[in-house]
Amino acid sequence: MHGTPHIVSDVMTHTVAAIGRKANFKEIVQLMEQWKVSALPVLEGEGRVIGVVSEADLLPKEEFRDSDPDRYTQLRRLSDLAKAGAVTAEDLMTAPAVTVLANATLAQAARTMAHVKVKRLPVVDDVGLLEGVVSRGDLLKVFLRDDEDIAEEVRREVVSYLFRAPLAPVRVRVHDGVVTLTGRVRDTSLVPVAARLVRAVEGVVDVEFELTGPSGQQER
């Protein structure tokens, strides 16, 4: 396989709003509104990411503004109550920040987002300096890929690699990201391998098979 997967730097937003440790509460809210974002990276020094302030970090101030939580709530929501009284980014931020490297694959970024349950991640270089931000929407851009581009990569990187001497030509069709392989092959045990490789091609939504073996029995 010779295809090169897209990496985070291919799809990320390069121009990013960020704040310093001492940014105050109102400044943070204003910047979020101005940039239409739900979170801001917190930087220090030359641009090293040390934390992230999100809407979830800001909401406790409104939630507990006119309430007097009971002892149980105080113990259960200790972190939120601390943030309700915070006025600067360094007290509001979630730290350390969960980040992703600019050269990480889109799959790696997606797994990180899913694991920590966030919608966007600061993108950093090898020493932790901010390079951009990647969102869930950015990661989905691969599914805008043209069907014929996908078909050509499947032919080049999967079919020619696995089915070098088919009994009948293996044809590749792609419609709305769904790949269909049709033909007659010598070794149907390679079909599960082909399925895994085709699904790894960026932009593929699903894969279907209409392949037959030497006996003419169809594999799906």
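How many salt bridges does the count come to? I took a salt bridge as a side-chain nitrogen of Lys or Arg within 4 Å of a carboxyl oxygen of Asp or Glu. By this rule I get twelve salt bridges.

**Ground rules**

I am working on a predicted model, where local features need pLDDT of at least 70, side-chain atom pairs count only at pLDDT 80 or more, and totals for chains, interfaces and linings use all residues. Residues are numbered from 1 along each chain as its sequence is written, and side-chain values use heavy atoms, with hydrogens and water left out.

**Overall counts**

I looked up the secondary structure and found ten helices and ten strands. These are DSSP runs numbered from the N terminus: helices are H or I with at least four residues, strands are E with at least two. Of the 220 residues in the protein, 40% are buried. I use buried for under 20% relative accessible area, exposed for over 50%, and partly exposed for anything in between (1.4 Å probe, protein chains only).

The accessible surface comes to about 12800 Å². Carbon and sulfur atoms hold 52% of that surface. Areas come from the Shrake-Rupley method with a 1.4 Å probe; for residues, only the protein chains shown count as cover.

I then checked contacts, meaning heavy atoms within 4.5 Å. Among contacts with a separation of 6 or more, 57% are between residues 24 or more positions apart.

**Salt bridges, one by one**

I started with R21 and E44, whose closest N and O atoms are 2.9 Å apart. This pair links distant parts of the chain, 23 residues apart. R21 sits in the loop between β1 (19–20) and α2 (25–35), and E44 in strand β2 (residues 39–44). R21 is partly exposed at 31% relative accessible area. E44 is partly exposed too, at 26%.

Next I took E90 and K22, which meet at 2.5 Å, N to O. They are 68 residues apart, with E90 in helix α6 (residues 89–92) and K22 in the loop between β1 and α2. E90 is partly exposed at 27%, whereas K22 is exposed at 61%.

Which residues are linked with these in a network of salt bridges? I find R21, K22, E44, R48 and E90 in it.

**Strand pairing around β2**

I call two strands paired if DSSP finds at least two bridges between them. β1 and β2 run parallel and are joined by two bridges. G20 has L43 in β2 as its bridge partner. β2 and strand β3 (residues 48–54) run antiparallel, with six bridges. Here E44 is the bridge partner of R48. The hairpin of β2 and β3 has three residues between the strands, and G45 takes a positive phi near 65°.

Where is the cis peptide bond? I find it from A95 to P96, with omega near -5°. P96 lies in the loop between α6 and β4 (100–101).

I also noted positive phi in residues other than glycine. K36 has phi near 55°. It sits in the loop between α2 and β2 and is exposed at 65%. K117 has phi of about 60°. Its place is the loop between α7 (106–116) and β5 (120–124), and K117 is exposed at 70%.

**A nonpolar patch**

L140, F143 and V205 make a nonpolar surface patch of about 300 Å². Patch members have over 30% relative accessible area and no salt bridge; like charges are joined within 9 Å, nonpolar side chains (Val, Leu, Ile, Met, Phe, Trp, Tyr) within 5 Å. F143 is in the loop between α8 (136–139) and α9 (147–162). It is partly exposed at 44%.

**L167**

Last, I looked at L167, in the loop between α9 and β7. L167 is partly exposed at 36%. Leaving out residues up to four places away in sequence, L167 touches R184, V185, R186 and P214. L167 and G183 are 16 residues apart in sequence and 7.9 Å apart in space, C-alpha to C-alpha.
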